[in-house]
Amino acid sequence: MAKVKVAWFDFCCCEGCQIEMTNFGEPFLKLLDHVEPVEFREAMSEKTTERINVSFIEGSFSREADRKRLEEIRERSDLVVAYGACAVTGGVNALKNRFDMDDYKECVYGADKDMPHLDTQEAKPVSAAIKVDYEIPGCPISRDEFIRVVTQLVHGTTKVYTPSYPVCVECKLRETVCRYADGDHCLGPIAKAGCGAPCPADGIPCEACRGLVDEPNEESMVKVLQERGGLPERWAKEKSMMFTANQRGDAK
Ligand code: SF4
Ligand code: SF4
Ligand code: SF4
C-alpha cells in the first residue's frame, strides 16, 4: 500500500508544536512506516508543490496576506488538520484581539510599526480562513493524541473523537489531589479534556490550553477562583484568557 503523503505548515505561532513532535520519539518514528513526510520545516529542508493527502497546519490566521497560502494548501490537500491552540482557537496570539492594534504594534515594533511586512489583524483560528477537517487542541499538542489521530486518519476514520467533558474528570480518574485542596487555583472545571490532566498531576494548575468545554460556566469559575483560589477579582476574571481569548463569552 502506498504511504500517505503528509506535510506540516506553520503560520503565526512559535512552532513549538512542530518542535514537540521532533521529541515524540519511537511512536512517531513508527508512524513513518505508514506516512511519508513531504514538507516539515523543523525537520527537513525539502518542500513540495505536489498533491498532499494530509496537511497539518500550525499557527493562527493573523494577517490577510496568509489567506492565499492557506487556500492553496486547502486546494491541494485531501484532508486539513489544524493542530495546536494557535491554529484551533487563535491561542495565545488572540490575546492581542482585546487591545487596540496601533497600541500593541507600537509596543512591539516601535517606529517600524507601519512597515508593510509587519501587517497584522485579529488572530483567528485557521477555520476562519479555510475548511478544516479535524482539530487537535493543546499548547503544545499531546503526543498520544497526535499519534491516535494520525493512526485513525491513515485507517480512513471519518470522525476523530475529542472529549467534551472537563479536565477535572480525567484529573479525578488519575486520583490527583485537587489544586484547590492545596490552596492553589485551577481552570480544570471549564477546560476541555483529552490531555489526561498532566498539569495538576505535576502540581501545576490547568490553564485550559486545550480550550473551553462547550458550555463553560465562566461566572461560577470566576467565583471559585476568588473564593477558593484566593485570586483578586481582576485576576480571576482574566485568568482563563491566556489560551481562550477567542472563546470567552465576551470575545468579539
Ligand atoms: S499551540 Fe503553543 S506550542 Fe503550539 S505553536 Fe502555538 S504557542 Fe507554540
Ligand atoms: S486540580 Fe484542577 S482539574 Fe483537578 S480536580 Fe482540581 S480543579 Fe479539577
Ligand atoms: S491539564 Fe490543562 S493546561 Fe495542562 S495540558 Fe491539559 S488542558 Fe492543557
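Mentor: In this structure, 9 residues of domain 1 are in contact with 7 residues of domain 2, two residues being in contact if their C-beta atoms, placed from the backbone, lie within 7 Å. The model is a predicted one, in which local features need pLDDT of at least 70 and side-chain atom pairs count only at pLDDT 80 or more, while totals for chains, interfaces and linings use all residues. Residues are numbered from 1 along each chain as its sequence is written, and chains are lettered from A and ligands numbered from 1 in the order in which they are written.

On the side of domain 1 that touches domain 2, helix 4 (residues 85-89) gives the most, with 3 residues. Helices (H or I, at least four residues) and strands (E, at least two) are DSSP runs, numbered from the N terminus. By class, this side of domain 1 has 5 nonpolar, 3 polar and 1 charged residues. Here Ala, Val, Leu, Ile, Met, Phe, Trp, Tyr, Cys and Pro count as nonpolar, Asp, Glu, Lys and Arg as charged, and the others, Gly among them, as polar.

The chain is divided into domain 1 (4-154) and domain 2 (167-241), with bounds that come from an automatic or database domain assignment. Taken over C-alpha atoms, the centres of domain 1 and domain 2 are separated by 27 Å.

The largest nonpolar core has 54 residues, and those with the most contacts inside it include Val81, Ala82, Val167 and Ala208. Such a core is a set of buried Ala, Val, Leu, Ile, Met, Phe, Trp, Tyr and Cys residues joined through C-beta atoms within 7 Å. This core draws at least three residues from each of domain 1 and domain 2. In soluble globular proteins, nonpolar side chains tend to be buried together.

Alanine 82 touches Ala87, Val88 and Pro125, among others, when residues up to four places away in sequence are not counted. Proline 125 lies in the loop between helix 5 (101-109) and strand 5 (134-136). Proline 125 is buried because 22 other C-beta atoms lie within 10 Å; a residue is buried at 20 or more, exposed at 12 or fewer, and partly exposed in between, with C-beta atoms placed from the backbone. Leaving aside neighbours within four places in sequence, the contacts of proline 125 include Ala87, Val88 and Thr89. Proline 125 and valine 88 are 37 residues apart along the chain, yet 5.1 Å separate their C-alpha atoms.

A residue is near a molecule or strand if its C-beta atom, placed from the backbone, lies within 6 Å of it. Of the 13 residues that surround ligand 1, the closest are Cys13, Gly16, Gly84, Cys86 and Cys139. This shell divides into 8 nonpolar, 3 polar and 2 charged residues.

Around ligand 2 there are 14 residues, of which Cys168, Cys171, Cys178, Cys186 and Gly188 come nearest. Helix 7 (residues 167-173) gives the most to this shell, with 4 residues. The residues around ligand 3 include Gly138, Val167, Cys195, Cys199 and Ala208, and by class its shell has 9 nonpolar, 1 polar and 2 charged residues.
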